[in-house]
Amino acid sequence: MSVVKGHPGEVMKKPSDTQRSFVVQLHQARRLHYDFRLEVGGVLKSWALPKGPSLDPTVKRLAVPVEDHELAYADFEGTIADGEYGAGTVMVWDRGNWVPEGAEGVTEALRRGELKFRLRGKKLKGSWVLIRASRLGWLLIKHRDRFASATDVTVTKPLSTLSGRSLAEIAAADQGRPDPRGPVGHRRGRR
Ligand code: MN
């Protein structure tokens, strides 16, 4: 949040108005999956979505917590070399910003296991919730609003929102380059 010292009467930005970054990356690792990442406290909190996001409010998509990533990783698209963490091809499938819903702080909401938020991406928009369902798994669910749809957005909009490329085109263009901006912290997990 950039707070500029204002003159009396100037409208100041509140924390809840802060635009935070989000990205959904399609990741061809050993298994194809999506990585859903929300900017929280200076890092990208991350969940792996084996089936990707769904715009259908009746569909609950498993979201497995994985390592925090650096903010700069939100713009990474390319191929991570074999043997490196996250090896495989990465596409920036959707990109935008997000805002938390409700008065509760984001950190507290995550600790409690239920984070409601709005996405302002190119493909994913409107109101969503992440709910912790078990020790290992969360659920990502679309709320009912005008952006809800029975259409499978991963099928209708399969290309990179950054470059317009397919995963195969990214893989062909960028082979074996190590990713300089790896995950934050220890190398645990294989997502
Ligand atoms: Mn991944």
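Modeller: A salt bridge here is a side-chain nitrogen of Lys or Arg within 4 Å of a carboxyl oxygen of Asp or Glu, and please keep in mind that this is a predicted model. By that rule the side chains of Asp35 and Arg37 form a salt bridge, at 3.5 Å from N to O.

Biologist: Are Asp35 and Arg37 buried or exposed?

Modeller: Asp35 is buried, and Arg37 is buried as well.

Biologist: How many salt bridges are there in the whole structure?

Modeller: The search finds 9, and among them is the one between Asp68 and Lys45, whose side chains meet at 3.3 Å, N to O. This pair links distant parts of the chain, since Asp68 is in strand E4 and Lys45 in strand E3, 23 residues apart.

Biologist: Why does Asp68 count as partly exposed?

Modeller: Because its relative accessible area is 22%, while buried would need a value under 20%. Lys45 is also partly exposed, at 27% relative accessibility.

Biologist: Changing topic, where is Ser54?

Modeller: Ser54 sits in the loop between strand E3 (43-49) and strand E4 (60-70), and with a relative accessible area of 11% it is buried.

Biologist: And what is Ser54 in contact with?

Modeller: Beyond its neighbours within four places in sequence, Ser54 is in contact with Val59, Arg61, Trp128 and Lys142. A polar atom of the Ser54 side chain also lies 3.1 Å from the backbone nitrogen of Asp56.

Biologist: What about the chain overall?

Modeller: The chain has 3 helices and 9 strands, and buried residues make up 45% of its 191 residues.

Definitions and conventions: Residues numbered from 1 in each chain as written. Predicted model: local features only at pLDDT ≥ 70, side-chain atom pairs only at ≥ 80, totals over all residues. Heavy atoms only, no water. Helix = DSSP H or I, 4+ residues; strand = E, 2+ residues; numbered from the N terminus. Buried < 20%, exposed > 50% of the residue type's maximum accessible area, 1.4 Å probe, protein only. Polar contact = N/O pair within 3.5 Å; in protein donor to acceptor, adjacent residues only side chain to side chain. Contact = heavy atoms within 4.5 Å.
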